[in-house]
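Below are my entries, in the order I looked things up.

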Amino acid sequence: MATTAFPTRDDFAALLNETLGGEQTGFEGRVVKGTVTAIENDVAVIDVGLKSEGRVPLREFAPAPGQKAELKVGDEVEVYVDRVENSQGEAMLSRDRARREAAWDTLEHEFAAGNRVDGVIFGRVKGGFTVDLNGAVAFLPGSQVDIRPVRDVQPLMDIPQPFQVLKMDRRRGNIVVSRRAVLEETRAEQRTGLIQSLAEGQIVDGIVKNITDYGAFVDLGGIDGLLHVTDISYKRVNHPSEAINIGDTVRVQIVRINRDTQRISLGMKQLESDPWEGASAKYPIGAKFTGRVTNITEYGAFVELESGIEGLVHVSEMSWTKKNVHPGKIVSTSQEVEVVILEVDEDKRRISLGLKQAQANPWDAFTERHPIGSTVEGEVKNATEFGLFIGLDGEIDGMVHMSDIAWGVTGEEALALHHKGETIKAQVLAVEPDKERISLGIKQLERGGVSTGAAAPAGGGGGGVNKGQIVTITVLAVGDGGLDVQVGDDGVAGFVKRADLGRDRDEQRPERFQPGQKLDAMVTGFDRSKKPTFSVKAMQMAEEKQAVQQYGSSDSGASLGDILGAALKARNEDS
């Protein structure tokens with residue numbers, strides 16, 4: 001009896017392959033070519049060489065969303081085989097998947113080469129937009145749409161345009177693209193080309209794109225230049241918006257180009273004539289002009305003499321009588337004022353002006369109306385430890401030193417005789433317009449005044465002392481320039497200059513002395529108000545000369561110290 005041979009495991013595999021079409025299972029997950037065998041309604045029937053045909057919707061063959069597919073029987077197309085056979089025995093095919101796979105292959109190549117790719121923005125998602133890259137869908141972040149924020153993206157949608165692939169992950173199906181990178185690269189190329197065509201000194205037209213506190217950015221046709229606020233006009237411009245607005249077309253001159261940083265500096269005032277040319281001739285020193293106050297600061301006020309030329313009136317040159325006050329209390333912005341030219345510097349574009357010089361000097365006017373020896377009347381404005389300040393005509397003050405208040409009393413007692421607000425009469429002793437100083441005397445009116453030759457206390461000379469006389473003086477006040485002193489305790493007052501306090505520099509320091517201290521000094525003369533001047537130095541030199549004459553000569557071998565020692569000993573013995 002013949003035996004029956006059972007099929008082996010390999011026989012079963014062969015039978016299965018034969019039943020399913022041989023190696024047809026190797027088609028799955030691949031992009032293959034097929035032929036359109038029929039078009040039924042919205043479906044294309046495609047034969048890819050499998051046991052059965054597959055059906056693919058016609059919309060997947062459309063060149064773009066919303067467009068009609070141009071497909072006919074007999075056309076050869078590429079499709080993706082998802083499954084060899086479904087439950088109905090048909091092959092599962094996809095044109096979209098085939099395009100995506102082909103697109104990914106192309107994108108990976110372009111991404112590796114750093115090339116741009118073409119795509120179409122077709123949808124909006126959270127944080128950005130979707131882009132069709134010829135079948136592959138990419139994400140376009142909102143920040144990568146344009147160089148500047150775009151409010152309306154609708155005009156950019158459904159239009160083929162280039163993109164730069166920033167990153168891609170095929171396994172996860174992620175692609176991120178940028179339109180901004182393409183624009184920046186294109187702009188950089190345009191900027192480089194444009195900047196090469198520009199030259200310093202060239203005059204061009206541009207559009208104001210942006211305005212800041214320090215200037216305006218002007219678009220020169222693809223590249224921006226900075227128009228600094230100081231280059232808008234020769235006249236003062238506090239803010240660029242005072243002269244130009246966003247969107248204005250302006251004519252500018254290229255002042256400077258930095259080709260390394262691609263920065264361009266522009267100027268508008270350079271197209272105008274420079275008002276500073278010949279300013280020294282137009283504004284001679286000492287001439288008087290009328291101008292308008294344009295700005296006020298703590299240190300002075302700026303006055304516009306003409307468009308583009310401003311001068312500074314320093315606070316010290318604003319008023320003859322108002323000291324240490326804010327300029328805003330003397331002038332106001334836009335006020336028309338008369339000024340005098342004090343100094344002109346064309347190179348630094350500076351003009352120093354004087355406001356008080358355009359008005360009469362009240363000290364000169366006082367001198368004309370009140371000569372030395374005349375009598376004036378005024379109110380005691382202030383009483384200090386060394387005298388009284390009297391308010392006079394022209395809003396100026398005169399000072400009565402305490403030694404000139406009354407005869408026969410000490411300075412402190414004399415100050416107690418008068419009080420603030422009291423109206424008194426005084427004699428003009430001296431006027432110094434350059435120092436803005438007027439010296440007055442009250443006691444001089446009691447006996448006719450020293451300047452008229454009337455009697456004064458006994459002793460002769462100015463206030464009872466004579467030139468060359470050595471007297472004992474009392475320190476009243478210590479200043480940087482010297483000492484205010486008076487003879488004895490209630491005698492005539494005078495002054496000892498710093499240089500007259502001693503022969504050595506170390507002795508010429510006023511701070512060595514204290515008010516009330518007594519010392520000997522020589523009367524060296526009298527000032528314009530008949531007040532004596534004293535000198536310790538002159539007294540020392542006179543005593544030395546006298547000692548040499550009386551006690552010997554240094555030529556005899558005696559030292560100067562020996563001679564002065566002998567003189568001092570003799571003086572002590574006499575006393």
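**Entry: glutamate 90.** I started with glutamate 90, which sits in the loop between strand E4 (76-83) and strand E5 (92-94). This is a predicted model, so I kept that in mind for everything below.

**Entry: the chain as a whole.** Next I stepped back to the totals. I counted eight helices and 30 strands in the secondary structure of the protein chain. The protein chain has 575 residues, and 38% of them count as buried. For contacts between residues at least 6 apart in sequence, I found that 56% join residues at least 24 apart.

**Entry: the barrel.** Which strands close into a barrel, and in what order? I traced five of them, in the order E16-E17-E18-E20-E19, with mixed pairing. From one strand to the next, the twist averages 50 degrees.

I then followed strand E16 (residues 288-297) to its partners. On one side E16 runs antiparallel to strand E17 (residues 300-306), and five bridges join the two. The hairpin from E16 to E17 goes through two residues. Within this pair I noted isoleucine 296 opposite alanine 301 in E17. E16 also pairs with strand E19 (residues 336-345), again in the antiparallel sense and over five bridges. There I noted arginine 292 opposite glutamate 336 in E19.

**Entry: positive phi values.** Most residues other than glycine have a negative phi. Aspartate 158 is not a glycine, yet its phi is positive, at about 60 degrees. I placed aspartate 158 in the loop between strand E8 (136-141) and strand E9 (161-169). Its relative accessible area is 55%, so aspartate 158 is exposed.

Arginine 349 is another non-glycine with a positive phi, of about 55 degrees. I found arginine 349 in the loop between E19 and strand E20 (350-354), so this entry leads back to strands named in the barrel order. The relative accessibility of arginine 349 is 36%, which counts as partly exposed.

**Entry: helix H5.** Which residues of helix H5 (residues 362-369) are buried? I listed Pro362, Trp363 and Phe366. Looking down the axis of H5, I saw these buried residues fall within an arc of 100 degrees, so they line one face of the helix. What do they pack against? I found five strands there: E21 (375-383), E22 (387-392), E23 (396-401), E24 (423-432) and E25 (437-441).

I checked the N-terminal end of H5 as well. Asparagine 361 caps it, with a side-chain oxygen 2.9 Å from the backbone nitrogen of tryptophan 363.

Entry: In soluble globular proteins, nonpolar side chains tend to be buried together. The largest nonpolar core here has 23 residues, and those touching the most other members are Phe366, Leu388, Ile390, Leu392, Ile405, Ile438 and Leu440. Two or more residues come from each of H5, E21, E22, E23, helix H6 (411-415), E24 and E25. E24 gives the most, with four residues.

**Entry: serine 403.** My last stop was serine 403, in the loop between E23 and H6. Is serine 403 buried or exposed? Its relative accessibility is 6%, so serine 403 counts as buried. The side chains of serine 403 and histidine 401 are joined by a polar contact of 2.9 Å. Not counting residues up to four places away in sequence, I found serine 403 touching Lys443 and Ala493.

Definitions and conventions
Residues are numbered from 1 along each chain as its sequence is written. This is a predicted model: local features need pLDDT of at least 70, side-chain atom pairs count only at pLDDT 80 or more; totals for chains, interfaces and linings use all residues. Side-chain values use heavy atoms; hydrogens and water are left out. Two strands pair if DSSP finds at least two bridges between them. Axes are lines fitted to C-alpha atoms, for helices over the stretch in contact, and angles run from 0 to 180 degrees between N-to-C directions. Buried means under 20% relative accessible area, exposed over 50%, partly exposed in between (1.4 Å probe, protein chains only). The arc is that of the directions from the helix axis to the C-beta atoms. Contact means heavy atoms within 4.5 Å. A polar contact is a pair of N or O atoms within 3.5 Å; within protein, one must be able to donate a hydrogen and the other to accept it, and residues adjacent in sequence count only if both atoms are side-chain atoms. A nonpolar core is a set of buried Ala, Val, Leu, Ile, Met, Phe, Trp, Tyr and Cys residues joined through side-chain atoms within 4.5 Å.
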